[in-house]
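Subject: Structure for you to look at

Hello,

Here is the structure I said I would pass on. Please open it beside this message and follow along.

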Amino acid sequence: MTREQFAAHVAEIEKRFAPRPAALRLRIFWLAVLGYAGMLAWLGAVCLFAALFLVPGIRLPLDGGWLLLLFGVLILVFGGWAVMRVLWVRLKPPEGRVVPRCEAPALHAMIDDLRRRLGASSFHRVIITPACNAAVSEVPRLGVLGWPRHYLQLGLPLLECLSATEIRAVLAHELAHLSSRHGRLTGWLYRLRRSWEQIFEKLRQPYVRGAVSLRPLLLKFIDWFWPRFNAHAFVLSRWNEFEADGMAVWAAGPEPMASALYRIAVYDRLLNERFWPALWKRANEEPAPPAGVFEDMRARLRTTPAPEDDTQWREQAFKFVTSDTDTHPCLSARLRSIKRLPESVASGEFPPWPPVEEPNAAETLLGPALERIRVDVEARWRKDCHKTWADRHARAASLQHQLHSLAQAVPEPAADVDSLWDQARAVIDLQGDAAAVPLLHQILGLAPSHAGANFCLGRHLIAAADPAGESHLEQAMAKDESLVPKGCGLLHGHFRRIGQAGRVREIEARLDRYEAAMAASKAERANVTAADIFVPHGLEEAELEALRSLITAEPGVATAYLAQKHMHYFPKQRLFVLCVEGRRGWFRLPDRDGEQAAVKRLFAKVSLPGRVLVFAPSGAFASLARKVRRVPQARIFTR
């Protein structure tokens, strides 16, 4: 199901069930039953097949039925093992610093109080992570069959930027998804969707080819079932987010909930777009991750951002729109649902930057353990990123050497597009897009359609909310079709941030068309037959001379023909066919072994602007060779 089809299906379900949420819950319940039945049908089939041997074996005398019993037991054991091996998907529990009750009694007391008020399930563990968010994770013990453990993940940056009353509202929202007040069926369906999403994603991961597995059969059922279940559960999940916000308001108050949502939206941008990128630039000079990162983060959260960032982030927080791939509603929709959306937003006036309150939630709820927890979280972060940091540091040294060599080797670099592009790429890798803007403008002054320069400049402008970046990205994608997924991803995020929902849907439809064309292109390029259409090769004379010199070095080749397959999809990605005919001996018969040896050697050496099929005109390729010979200007070599 494409994004456009999924969005249309979601809109139809919302319209159909908006006045009847109970009917939607019942519909999803029966879809869930169908899902379990489809996944367990394989186990039932194994049991039924085993029963065909076991029942007669039991009824017959032992001396005549033992063989049937043996077959039945073997089918039951090995067949059941094969089915359960597929269904029993293990998900790793979330990683982080575990905070037991004895270490942070205030935090656990707040959780216990909210659990009692909301009638929510208990947590297996409470974990502190380096991320600026909060989440409840479920790890099913029995794979698709369920029986989950619940984990509460709290980001240390989140605790550092929210007050205790705000974090209480956030916790109430997360606990609402486990609450009996939420409706046991509603909560179960919400959690089931999230669990199945993770499990099905893991089932699609590559497995050992050739291994005996029922996974391909199960995936066929999942490909049919999951889009239908997910579209219905998606609508319910989005409704559940609003309900969870309402329960958080009931448990913690509307003002803490509203300020927490706003603060998370803007501080997340501060960390992801300023703090972390600036930190990773230090890998250019420092061989290992620095110490005191989370102390620096704590200090950074207490500073006001640059005026241009302040204005842009606050405006985009309220303009941001939700796509049909995200169950979480946007900030404006959530504030509107709890009746706390400022009236000034409609006229383009946005609330001021919310400073961090003192004491923050981390200091209030973690108490004396905060410093110890911060050190442990940082140690885990340093361990996780150590290899990536070291690789970046080594690459930075190589890039610095490359920049120095380019400056020394090219007498007039300003007139050399390739040299400028090499410099720009090195600068981008070292310092980011902004540092390379002068070089990118130089490149586009010499080559206005340069795909890489247009893409990088467009990416930089889009990040600054400059609409001029849109045209640069469009030029890059028009020049190089392989940039479409990345370019559309940047435009998708940009249009969501500035509130253009219609353009978001256009980008999603464009990605659907691109992916369909890619699938068709892959099938089109998978084989070459005489039934295909072939056109002249279209190579420059210099490219032909380089190819002829390679063929000349093969003494057994007498004639060579070159053409290209006509492509309906992505014609810029060319597919050439090179037919080489061997010299005939005195007995006038072709030397097939010599031709095949020449084909293998040429295939390893030939380099053309596209993929190349090299073949000899024998066997199954005889009809293909005849068709290639008839293409105008196909003969490129005769000895």
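Does F318 count as buried or exposed? At 6% relative accessibility, F318 counts as buried. In these notes, buried means under 20% relative accessible area, exposed means over 50%, and partly exposed is in between, with a 1.4 Å probe and protein chains only.

Before the rest, some ground rules. This is a predicted model, in which local features need pLDDT of at least 70 and side-chain atom pairs count only at pLDDT 80 or more, while totals for chains, interfaces and linings use all residues. Residues are numbered from 1 along each chain as its sequence is written, and side-chain values use heavy atoms, with hydrogens and water left out. Helices (H or I, at least four residues) and strands (E, at least two) are DSSP runs, numbered from the N terminus.

Aromatic rings

The whole structure holds 19 aromatic pairs. Rings of Phe, Tyr and Trp (its six-membered ring) pair if their centres lie within 6.5 Å; planes under 30 degrees apart are stacked, over 60 edge-to-face, and the rest tilted. The F221 and W224 rings have centres 6.3 Å apart and planes at 35 degrees, so this pair is tilted. Both residues are in helix α8, three residues apart, which is about one turn of the helix. F221 is buried, with a relative accessible area of 17%, whereas W224 is partly exposed, with 42%.

Another tilted pair is Y262 and F318, at 5.2 Å centre to centre and with 45 degrees between the planes. Y262 belongs to helix α9 (residues 254-281) and F318 to helix α11 (residues 307-319), so the pair ties together parts that are 56 residues apart in sequence. Y262 counts as buried, at 8% relative accessibility.

There is also a cluster, in which ring pairs link F221, W224, F225, W226 and F229. Separately, R117 lies over the face of W250, 4.9 Å from the ring centre. A charge sits over a ring if NZ of Lys or CZ of Arg is within 6 Å of the ring centre and within 35 degrees of the ring normal.

Helix α4 (residues 105-118) has 14 residues. From its first C-alpha to its last, α4 reaches 20 Å, close to the 20 Å expected at 1.5 Å a residue. The expected span is 1.5 Å times one less than the number of residues. In α4, the buried residues are L107, H108, M110, I111, D112, L114 and L118. Among the elements that cover them are β2 (125-129), β4 (148-155) and α6 (164-176). After α4 comes G119, with a positive phi near 65 degrees.

What of α6 itself? In α6, 12 of the 13 residues are buried, so this helix is largely enclosed by the rest of the structure. The buried ones include E166, R168, H173 and E174. The end C-alpha atoms of α6 are 18 Å apart, which agrees with the 18 Å that its 13 residues should span.

E508 is in helix α20 (residues 501-525). Not counting residues up to four places away in sequence, E508 touches R3, S323, D324 and H492. Contact means heavy atoms within 4.5 Å.

E14 is in helix α1 (residues 3-17). At 26% relative accessibility, E14 counts as partly exposed. Leaving aside neighbours within four places in sequence, E14 is in contact with V235, R238 and W239.

Backbone exceptions

Most residues other than glycine have a negative phi, and most peptide bonds are trans. The peptide bond from E358 to P359 is cis, with omega near -10 degrees. P359 is in the loop between α12 (331-337) and α13. K339, also placed in the loop between α12 and α13, is not a glycine but has a positive phi of about 60 degrees. K339 counts as exposed, at 69% relative accessibility. F570 has a positive phi near 50 degrees and lies in the loop between β6 (557-565) and β7 (574-582). F570 counts as buried, at 11% relative accessibility.

Regards
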